[in-house]
Amino acid sequence: MTLRDPQVGEALGAFITVRYEAAHADADAVIKKFNVSGFPTLLVLGPDGAEWDEVWGQGPAHFVEDLARVRAGTDTLPALRQRLKSNPADTKLALDLADKLSNRHADESVEICKRLMETTKDSDEETRARVLFLHGYAESNREGFETALGLWKRVITELPTTKGAANAAMFCGNVLPELPPERGLAFLAKVMPLLSQAQREQLEGSRGYLYLKAAEAAWLQRGEAAGDEPEVLNMLAWECFQRGWHTEKALAWAHKAATLSNRDPNILDTLANLLFKSGALEEAIRTEEEALAKVEDAALRLGFEENLSMWKAVLSLRQERGKRSPK
């Protein structure tokens, strides 16, 4: 779909179209004002600059239909707000508005959901589940991640067969990585038994990620408590190198381990690999050469020599590029 499409051009009519590229400096204020978090976002504003609605560009036909709705004032943000003001007891209307607001106007959506939490206590299960899900979704969009998961745990445990519970199971995977791993894993331990096989499979990736984060945190704690034990420091530094964790801390542990061990070649190899990973190529080569001069084991020598061969080739390429670069 483009603005040159005849259907789109006709639907826009007298509308003035303005396009902001996200990376452009002038777009920053607009992005902040309208809480834009995803691109493209298509907003229709009134003459006073107030937002009428967001339209969806899923092909010209859908865009034209949605834009016609906005031009007619049907279910726009101002219209829904006014109708809810006139009919505050209309639960469906309140839910529809909360849903529309939940992405970019999360604070307003949360306030509506809080009122609904009180007024829908005796409602049918699907309505109650939708309130809990939407409340959690809006909270997640304003970074209230623990609150969101608490609400979603409620809908999954109390109303497990509802659409709201299914939505909560689907969306909680987006929020779990934002929590400390022990809290995320505790959440999964509670809800996983209540989910379908397909839902559990969807969340396995999140569980694996949280286990890795927990292991990373534990590894960091061990490093802080390692003291002056060079073998332990070396083991921790090497594990961090392999997993890509905390390179700066791992470098400090490796330097300390090398000093405490009187420059043991195995520890020097760990240090050299971390230096290479951090971009200190020449220092990595010198350190690996020192390790190679001290080691006697044939297999270790072969590994050190392979590292040196690769790193020296990289250094040679860099130097060659430097010579070719214009001064």
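1. α7 (125-141) and α8 (145-158) are roughly antiparallel to each other, a description given to angles over 145 degrees, where a helix is a DSSP run of H or I with at least four residues, numbered from the N terminus. The model is a predicted one, in which local features need pLDDT of at least 70 and side-chain atom pairs count only at pLDDT 80 or more, whereas totals for chains, interfaces and linings use all residues. Residues are numbered from 1 along each chain as its sequence is written, and side-chain values use heavy atoms, with hydrogens and water left out.

2. The angle at which α7 and α8 pack is about 165°, and their axes are 7 Å apart; an axis here is a line fitted to C-alpha atoms over the stretch in contact, and the angle, from 0 to 180 degrees, is taken between N-to-C directions. α7 passes α8 in a left-handed crossing, that is, one in which the near helix is turned anticlockwise from the far one by less than a right angle. On the α7 side, the residues that meet α8 are R128, A129, L132, F133, H135, G136, Y137, E139 and S140, and on the α8 side they are F145, T147, A148, L151, W152, R154 and V155. By class, this contact has nine nonpolar, four polar and three charged residues, with Ala, Val, Leu, Ile, Met, Phe, Trp, Tyr, Cys and Pro counted as nonpolar, Asp, Glu, Lys and Arg as charged, and the others, Gly among them, as polar.

3. The largest nonpolar core has 41 residues, and those with the most contacts inside it are I112, L149, W152 and V155; such a core is a set of buried Ala, Val, Leu, Ile, Met, Phe, Trp, Tyr and Cys residues joined through side-chain atoms within 4.5 Å. Two or more residues come to this core from each of α4 (77-86), α5 (91-101), α6 (106-119), α7, α8, α9 (163-175), α10 (181-191) and α11 (197-224). Once its neighbours within four places in sequence are left aside, L149 is in contact (heavy atoms within 4.5 Å) with C172, V175, L176, L179 and F187. A second, separate core of 29 residues includes L271, L274, V295 and F304. In soluble globular proteins, nonpolar side chains tend to be buried together.

4. Helix α14 (residues 265-278) packs against helix α15 (residues 281-294) at an angle of about 165°, with the two axes 8 Å apart, and α14 and α15 are therefore roughly antiparallel to each other. Their crossing is left-handed. From α14 the contact takes P265, L268, D269, L271, A272, L275 and F276, and from α15 it takes L281, E283, A284, T287, E288, E290, A291 and K294. These residues divide into nine nonpolar, one polar and five charged.

5. The axes of α11 and helix α12 (residues 230-243) come within 10 Å and cross at roughly 150°, so α11 and α12 are roughly antiparallel to each other. In this pair α11 passes α12 in a left-handed crossing. The residues that make the contact are L212, W219, R222 and G223 of α11, together with L233, M235, L236, E239, C240 and R243 of α12; six of them are nonpolar, one is polar and three are charged.

6. Two loop residues deserve a look at their backbone. H246, in the loop between α12 and α13 (247-260), has a positive phi of about 40° although it is not a glycine, and H246 is partly exposed at a relative accessible area of 30%, where buried means under 20%, exposed over 50% and partly exposed in between, with a 1.4 Å probe and protein chains only. R263, which lies in the loop between α13 and α14, is not a glycine and yet has a positive phi of about 65°; with a relative accessible area of 28%, R263 is partly exposed.

7. V70, a residue of helix α3 (residues 60-72), is buried, with a relative accessible area of 3%. Not counting residues up to four places away in sequence, V70 touches V44, W52, D53, V55 and T76. W52 is 18 residues from V70 along the chain, and the C-alpha atoms of the pair are separated by 7.3 Å.

8. D107 is found in helix α6 and, at 48% relative accessibility, counts as partly exposed. From C-alpha to C-alpha, D107 and K312 are 56 Å apart in space, and in sequence they are 205 residues apart.

Technical notes: Parallel < 35°, antiparallel > 145°, perpendicular 65-115°, else oblique.
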